[in-house]
Amino acid sequence: MSVLPKNGARAPNRKRMSEVEALTNSGAVSEGTTAPAPGAQIAGHAKSFMGHAKLISFLTLISRFFGLAREMAQANYFGTGLVAGAFRFAFTIPNLFRKLFGEGALSAAFIPLYVQSVKNESPEQANRFAAASVTLLTFILLALTVIGEAIVAAMIFLSHDLRPDLLLTLKLTAIMLPYVLLICGTAFLSAILQVHKRFGIPAATPIILNAVHVAVMVIGGYLLHLKAAGAAGALVQKQTTLAYWLAFFVLVAGVLQTIVLLPALKSAGFKLRLVRSFWTPAVKRMLILSVPVALGAGVLQLSVVMDKGISAILAEHPDKAGQMITHFSFFGHLIRYPMKFGAISRLDLAQFLYQFPLGVFAIALATAIFPGLSSDAADKDLGRFRSVLRQGIELSLWEGFAASVGLIIVREPAIKLLFRHGFLTSDDVQLIARSLCFYASAIWAFSLLQIINRAYYSLHDTKTPFVMAVVNIVLNLVVEIPLLWTKLGEAGMAAGTCVSFIIQAIIMLWMLDRRVGDLD
């Protein structure tokens, strides 16, 4: 459907309740006599979020370039071997919790409620609600970290005959698990700043992690003489040492990311403190709203972990003697592993490349638009809500389609230029390019979903994204598993992701159009 705005409103002649009644009954938005007509006020509002989006995009671009340097260094010193796969899988765990708690469920429920508190209550009441929310998040993350460390320790000491790559993955996970508390806290504190229109510092914090990562890789590689490694065993040992150093400095970067936010929080009027009586009605409501978001985000993050697990389990791998295992037994039948050794690292590199434009444009735009949409919903201003949402959808599609086409065209020379050095082979380049073709073709759908999901959250509807996330993961598995044993191989993982997200984006846009109206 077209998402370009028309000159005038469409008559509400559908065979359903009117758009005003539908949104009023949802408890979010109504037409109201005070809603401004399309004009200077709406244009100024859109201009405001566009200005924030440009700032976030600029800082995200810088961060992505540092992230690109990080991936280049990691490909150079680790390649796609045992250590590379183990570190990438282990680092997925804290990132999973970041997206689930820091940037997912709690912040998605927190921002609309905090906006209402800032608008309708005293600064002290708003500050108390934010502090109570931070306290609750801290206790949840501490508990999860302790439980997680206990589970990982038990798996390490009680499991016997673990594959070398899985054992290393568990050890690196144990080191980096406390990063969950740091990065989730940083993301949640960033949400507070975003409500106060402070977008610069939160968008810049990822630069710290990427810069530390690059410095450790380059300095560590030099100190360990990684390039000069001789025998394969000595190479893996040096790479393992570097991975341990890198895991430790991930925690150092997490501390620095939190510290740099403190001056901005103070200037915004927020006092960072833990409160005893954090179990308030507002916090309870936030938790109730966050449960469906947590389930939806959990489903999507489960999909990420499952894809990583499938990439690790269904790929060729070395045994303890260093011999490559190419088949597995299934009810007495020998079956070939559908993916070559190193699939998890190659898929990670392909995902990084398609997420580069996604982070610079779509996520930056969605981050900037979310507080505005939440504010419009709180003000029950349907006209402005639709105008800003329509513009966000337009921009995400224009940028998404351009990024999809451009990345498909340049994917192979870009991979060669960026990663074809060190321990990455020409065969790796071909396999990464094949997967990237599928990921890139769905950038527009990933971009669109960033806007659509935040529109639902602004309307305090967290159930619809959850249901669609469940549909996504089921569809993804149904498509990708059979494709693994075709000529696509590991690119079948990317194909499944592509198909499921495109279908989800189209359905959710159609549902949102029926709900708020006048998006076509």
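## Helices α5 and α7

Let's start with a pair of helices: the axes of helix α5 (residues 123-158) and helix α7 (residues 179-195) come within 10 Å of each other, crossing at roughly 160°. That angle makes α5 roughly antiparallel to α7 (angles under 35 degrees count as roughly parallel, over 145 as roughly antiparallel, 65 to 115 as roughly perpendicular and the rest as oblique). On the α5 side the contact is made by Ala130, Ser133, Val134, Leu137, Thr138, Leu141, Leu142 and Thr145, and on the α7 side by Val180, Leu181, Cys184, Gly185, Phe188, Leu189 and Ile192. Sorted by class, the contact of α5 with α7 holds 11 nonpolar, four polar and no charged residues (Ala, Val, Leu, Ile, Met, Phe, Trp, Tyr, Cys and Pro count as nonpolar, Asp, Glu, Lys and Arg as charged, and the others, Gly among them, as polar).

A few words on the terms: axes are lines fitted to C-alpha atoms, for helices over the stretch in contact, and angles run from 0 to 180 degrees between N-to-C directions. Contact means heavy atoms within 4.5 Å.

## The model and the whole chain

This is a predicted model, in which local features need pLDDT of at least 70 and side-chain atom pairs count only at pLDDT 80 or more, while totals for chains, interfaces and linings use all residues. Residues are numbered from 1 along each chain as its sequence is written, and side-chain values use heavy atoms, with hydrogens and water left out.

The protein chain has 17 helices and four strands; these are DSSP runs numbered from the N terminus, with helices being H or I of at least four residues and strands E of at least two. Of its 520 residues, 56% count as buried (buried means under 20% relative accessible area, exposed over 50%, partly exposed in between, with a 1.4 Å probe and protein chains only). Take the contacts between residues at least 6 apart in sequence: 84% of them join residues at least 24 apart.

## Helix α13 and its two partners

Helix α13 (residues 382-419) packs against helix α14 (residues 426-441) at an angle of about 165°, with the axes 9 Å apart. The two are therefore roughly antiparallel to each other, and α13 passes α14 in a right-handed crossing. From α13, Ser404, Leu407, Ile408, Arg411, Glu412, Ile415 and Lys416 meet Val429, Gln430, Ile432, Ala433, Leu436, Cys437, Ala440 and Ser441 of α14. The contact of α13 with α14 divides into nine nonpolar, three polar and three charged residues.

With helix α15 (residues 443-458), α13 packs at an angle of about 160°, and the axes are 6 Å apart. So α13 and α15 are also roughly antiparallel to each other, and α13 passes α15 in a right-handed crossing. Residues of α13 in this contact include Phe385, Gly392, Ser396, Gly400 and Leu407, while those of α15 include Ile443, Trp444, Ile451 and Ser458. By class, the contact of α13 with α15 has 12 nonpolar, six polar and no charged residues.

Arginine 420 sits in the loop between α13 and α14. Its relative accessibility is 38%, so arginine 420 counts as partly exposed. Not counting residues up to four places away in sequence, arginine 420 touches Ile415, Thr425, Ser426 and Val429. Glycine 79 is 341 residues away along the chain, yet the C-alpha atoms of arginine 420 and glycine 79 are separated by 9.5 Å.

## Some buried residues

Histidine 213 lies in helix α8 (residues 200-223) and is buried, with a relative accessible area of 4%. Leaving aside neighbours within four places in sequence, histidine 213 is in contact with Arg70, Gln74, Phe87 and Leu246. Leucine 136, back in helix α5, is buried too, at 8% relative accessible area.

Tyrosine 337 belongs to the loop between β4 (333-336) and α12 (343-378), and its relative accessible area of 10% makes it buried. Tyrosine 337 and histidine 327 are 10 residues apart in sequence and 5.4 Å apart in space, C-alpha to C-alpha. Beyond neighbours within four places in sequence, tyrosine 337 contacts residues including Ile313, Glu316, His317, His327 and Phe328.

Terms used: A crossing is left-handed if the near helix is turned anticlockwise from the far one by less than a right angle, and right-handed if clockwise.
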